Amino acid sequence: MSLKTDIEMVKDELTSEEKFFEKAVVTEKFVKKYKKLIIASVVAIVLFTAGNIAYTINKQNTINSANAALSELQINSDNPATLARLESLSPTLSSVWLYSQAIVNKDIATLEKLKSSKALLIADLASYEVAQDAKDMSALETYASKQDAIYADLAKVQSAVVFMNDKKIDQAHEILSMININSPLSQVAKALMHYGAK
């Protein structure tokens with residue numbers, strides 16, 4: 001009985017080794033058949049990962065350099081070379097810097113230039129500042145009629161005030177009535193209609 005058990009064990013071992021070698025041969029055939037594709041896939045993954053890491057490092061270096069240039073401008077705002085460097089590193093951050101300086105210095109010429117900024121928020125704010133500083137009715141109305149204007153209701157209130165100062169009460173009422181009831185300036189508009197325009 002022991003001999004029979006030993007023979008069975010040897011048979012099972014040979015069968016399992018045979019299966020192992022069979023799988024190894026199938027795997028080897030698969031690798032040989034798709035060797036170039038496997039290598040190309042590994043190379044592509046390595047290149048993609050390396051490119052992504054390089055891009056991330058480059059982007060972080062650009063951000064750090066732009067922040068350094070901004071810090072230099074805060075120390076010495078009259079340095080055109082630093083401003084040019086900031087412009088090349090981050091045009092949006094440069095527009096923000098120019099806008100903040102133009103507001104502080106009441107520099108309408110710079111605000112006029114910023115009206116065409118690629119930073120949409122800065123372009124919108126510069127348009128409003130130029131229109132309200134000039135107290136130009138057509139510029140205020142044009143700004144207020146833009147759909148995405150940030151200070152549209154404020155421009156309407158300012159237009160109404162200019163009309164009130166010119167004793168054009170009906171036109172002021174017409175503009176104030178265009179302010180949405182959900183606007184934070186709706187109470188101001190109601191007060192102006194009631195008290196300011198008699």
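Axes here are lines fitted to C-alpha atoms, for helices over the stretch in contact, with angles running from 0 to 180 degrees between N-to-C directions. Helices themselves are DSSP runs (H or I, at least four residues), numbered from the N terminus. The model is a predicted one, so to speak of local features takes pLDDT of at least 70 and side-chain atom pairs count only at pLDDT 80 or more, while totals for chains, interfaces and linings use all residues. Residues are numbered from 1 along each chain as its sequence is written, and side-chain values use heavy atoms, with hydrogens and water left out.

On confidence (pLDDT, the predictor's per-residue score from 0 to 100), the protein averages 82, with 91% of its residues at 70 or more. Helix α1 (residues 2–33) sits lowest at a mean of 73, and helix α2 (residues 35–75) highest at 91.

Now for the packing. Helix α8 (residues 152–165) and helix α9 (residues 169–177) have axes that come within 8 Å and cross at roughly 170 degrees. That makes the pair roughly antiparallel (the label for angles over 145 degrees). Contact (heavy atoms within 4.5 Å) involves K156, V157, S159, A160, F163 and M164 of α8, plus I169, Q171, A172, I175 and L176 of α9.

The largest nonpolar core has 12 residues, among them M137, V157, A160, F163 and L192; such a core is a set of buried Ala, Val, Leu, Ile, Met, Phe, Trp, Tyr and Cys residues joined through side-chain atoms within 4.5 Å, buried being under 20% relative accessible area with a 1.4 Å probe, protein chains only. Helix α8 gives the most to this core, 5 residues.

Note on methods
Helices (H or I, at least four residues) and strands (E, at least two) are DSSP runs, numbered from the N terminus. Angles under 35 degrees count as roughly parallel, over 145 as roughly antiparallel, 65 to 115 as roughly perpendicular and the rest as oblique. Buried means under 20% relative accessible area, exposed over 50%, partly exposed in between (1.4 Å probe, protein chains only).
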